[in-house]
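Have the viewer open as you read.

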Amino acid sequence: MKIYSVTDINNYIKVLLMKDNVLSCVKVSGEVSNCKYHSSGHIYFTLKDQGGILTCVMFASKRIRGLKFTLQEGMSVVVTGQVSIYERDGKYQLYADSIEQQGLGELFEKYEKLKEKLDKEGLFDEAHKKPIPEYIRTLGVITSQTGAAVRDIINVAHRRNPYVRIVIYPAQVQGAGAAATLVAGIHAMERIAPDVIIIGRGGGSFEDLFEFNDEALARAIYDCPIPVISAVGHEVDFSICDYVSDLRAPTPSAGAELAVYDFSGLEASLVDYHSSLLRAMTDRIERYRSRSAQLVLGLQKNSPRSILNERRFLAGALEDALKRAIRDQLNESRHRLSLCSASLDALSPLKSLSRGFSYTVDEKGTNVRSISDVRTGDRLSIYVSDGIIGADIKEIEAADHNSKRS
């Protein structure tokens, strides 16, 4: 028997599929799921119905004529193309030539109706959302115990804060009945009372995540007194849980980032706060010390003793100034008196007497200056340099010596 390689078998099956009249040009209806637009322009998606799924691809060259709308999750479409095998992986898939839209799929329609209903009831209102605590001690996690999401949450949470306590409620996150276990997890967390709850799972197709669009689960999250972070799927995935929860995280890892504070960052902040507080206290103490010193100086300056000493000093200065002023005034007066004395001395009759002149007064002491001031028989006193001569007037003669009075 001939031995074939894997590539030979895949190529042989491909030829068989290409020769098949049905599979070489077939129309397949189904609901779009797991739709991804690649950077190359190709579209990768899955068609599904209640019985199974079919992997599909539409190359960028076919999109120009074969697709007149934007392909989205939940759409019910009819894909025309051929079924062939991808040799490298050995998997068959539908290569789409054209895609026609039939309307929204049953699951997506159900999702939209529930979303609209809960929105009208106010379950998505921002006013009802509870703030996420900045610092937590206990984190509640509702997810699969075996999935990658729980490992991501634990790793991120312990990396950010090795002291945080994590309580995990193992729930079913996919398939029929998963929503009921998620609701049970919410009620269990209410009894445990962690600081915040993360509910979610890793990425998946629209139908994989559909249990997170359950009405009972949405109402349980809305009524939960503990803040809930929804971390369902990837960043592009949105579920009813995302809208009704207190905070949406794009991924489970991001949910842990949002829920658990960075302990090392907190320690560094506390060190900075301590340094800032110490500097502030030191500066304030120095200001108060400076102010106290100024107040002490002010009190000393305004104390009775200081005022008395200042007044004493001022009084002494005034006394010295007054003495100087009196002394200066006395010296000036003495000088003026000396000048006046010299002037008087120069005009003094005694000076004239000493030069041989005399001074005559009548009995009343009046200076006799003219012969009209006296009469014969009057008594006169004649002052000379060495005494007084008394004389009686016998005769009065005018200066021209021509007339005489008796």
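Does Tyr12 count as buried or exposed? Tyr12 counts as exposed, at 55% relative accessibility; the cut-offs are under 20% relative accessible area for buried and over 50% for exposed, with partly exposed in between (1.4 Å probe, protein chains only).

## Ground rules

This is a predicted model, where local features need pLDDT of at least 70 and side-chain atom pairs count only at pLDDT 80 or more, while totals for chains, interfaces and linings use all residues. Residues are numbered from 1 along each chain as its sequence is written, and side-chain values use heavy atoms, leaving out hydrogens and water.

## Around Tyr12

Tyr12 sits in helix α1 (residues 6-19); helices here are DSSP runs of H or I with at least four residues, strands are E runs of at least two, and both are numbered from the N terminus.

## Helix α4

α4 covers residues 148-160. Its buried residues are Ala149, Val150, Ile153, Val156, Ala157 and Arg160. They span an arc of only 140° around the axis, so they end up on the same side of α4; that arc is taken from the directions from the helix axis to the C-beta atoms. Turned away from that buried side, the other face carries exposed Asn155 and Arg159.

What do the buried residues of α4 pack against? They pack against β6 (138-143), β7 (165-170), β8 (196-201), α8 (252-259) and α9 (263-302).

## Ser84

Ser84 lies in strand β4 (residues 75-86) and is buried, with a relative accessible area of 3%. Leaving aside neighbours within four places in sequence, Ser84 contacts Lys14, Leu17, Lys91, Tyr92, Gln93 and Tyr95 (contact means heavy atoms within 4.5 Å).

Definitions and conventions:
Expected span 1.5 Å × (residues − 1).
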